[in-house]
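Here are a few exercises to work through with the structure open beside you. Try each task before you read its solution.

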Amino acid sequence: MVTYKFPGDKEKNGGPISNSLLSKLQKDILTGKLKAGQKLTEQELCREYEVSRTPVREALRQLETDGLVENILNRGAFVIGMSEQDYEDMFEMRKIYEIQAVKWAIERITEEEMDRLEETFEFMEFYTLRKDIDKMLTINTGFHQVIYEASHNRMLRKLLSSYQSFLKYKGAEAVYEDDYLQTVLEEHRDIFKAFKDKDVKAGALAMENHIDRAKERRCGLLACQPFQHAVTYGVPAVSVLQTMIEHPLDSDSNTRIQGILFYRFEF
């Protein structure tokens, strides 16, 4: 079991209180701490997050803009959250923009940005060898951020950063194959090689494959649900794994699980 702290969750000293509160509320909605349909009152939010009414009002306005909260006339603000369909749609939209970003980035990347991308990838290799999922996934986020910046399109960078912030909470608990980190690394190696070769077509194909695989890992883990639920309710992980190995799913299913690791991401 590996504990992973999501990047960007730490408070930034000196930043506006409303920004810090917005990040906390986004996380609490996307992780289910604040449930869909739950009413959000200024008084309760002020007490729970220990802030004044002004940052609460600003955060609620932004959450409504983001589509996470609905403000109903004469009733107040209510949590909408994200459905499974919302997440799947967002992955598809992200794929379109990630592909465009990598195309532009390969064409427009500066020497300094290329050095940063290479350094970031080398860190990914290092932490994969150390099997450090915390560092690896944090640097993974940084790898994509370098590509966004290298696209030299601020609207695209802002949009993809927003998608990244939303999707990082999807699949908070998941079962992955034991070569998970190496698989993710190789997907990024293909993307990085396209930059080295200045091959726009190869970069687009590598990014498309990476986002499709990421969607499968985060949204398509149906076989993992029994494992997750059992562990959540106190059944020892070893017992659940033994049962799954002794009674595997249909051999034709791509969800057959043998030799797996359980990563629990705690926020």
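**Exercise 1. Find the side-chain partner of His188, and decide whether His188 is buried or exposed.**

Start with the contact: the side chains of His188 and Asn140 are joined by a polar contact of 2.8 Å. (Helices are DSSP runs of H or I with at least four residues, numbered from the N terminus.) Last, check the cover: His188 has a relative accessible area of 0%, so it is buried. (Buried means under 20% relative accessible area, exposed over 50%, and partly exposed in between, with a 1.4 Å probe and protein chains only.)

Before you go on, a note on the model: it is predicted, so local features need pLDDT of at least 70 and side-chain atom pairs count only at pLDDT 80 or more, while totals for chains, interfaces and linings use all residues. Residues are numbered from 1 along each chain as its sequence is written, and side-chain values use heavy atoms, leaving out hydrogens and water.

**Exercise 2. Work out which helices the salt bridge between Arg217 and Glu187 links.**

First, the pair itself: the closest N and O atoms of Arg217 and Glu187 are 2.9 Å apart, and the two form a salt bridge. (That is a side-chain nitrogen of Lys or Arg within 4 Å of a carboxyl oxygen of Asp or Glu.) Then look at the helices: Arg217 belongs to helix H9 and Glu187 to helix H8, so this pair links distant parts of the chain, 30 residues apart. Finally, both Arg217 and Glu187 are buried.

**Exercise 3. Compare that with the salt bridge of Arg189: where does its partner Glu186 lie?**

Arg189 and Glu186 form a salt bridge too, with the closest N and O atoms 2.9 Å apart. Now trace the chain: both lie in helix H8, three residues apart, about one turn of the helix. As for cover, Arg189 is partly exposed because its relative accessibility is 28%, and Glu186 is partly exposed because its value is 30%.

**Exercise 4. Find what Lys95 pairs with, and which residues share its salt-bridge network.**

Lys95 forms a salt bridge with Asp212, and the closest N and O atoms are 2.9 Å apart. This pair also links distant parts of the chain: Lys95 is in helix H4 and Asp212 in helix H9, 117 residues apart. Lys95 counts as buried because its relative accessibility is 13%, whereas Asp212, at 26%, is partly exposed. Widen the view and you get one network, in which salt bridges that share partners join Glu92, Lys95, Asp212 and Lys215. The structure holds 14 salt bridges.

**Exercise 5. Locate two residues, Glu50 and Lys198, that have a positive phi without being glycine.**

Take Glu50: its phi is about 55°, and you'll find Glu50 in the loop between helix H2 (42–49) and helix H3 (53–66). Glu50 is exposed because its relative accessible area is 72%. Now Lys198: its phi is near 55°, and Lys198 sits in the loop between H8 and helix H9 (200–219). Lys198 is exposed because its relative accessible area is 63%.

Technical notes: Polar contact = N/O pair within 3.5 Å; in protein donor to acceptor, adjacent residues only side chain to side chain. Helix = DSSP H or I, 4+ residues; strand = E, 2+ residues; numbered from the N terminus.
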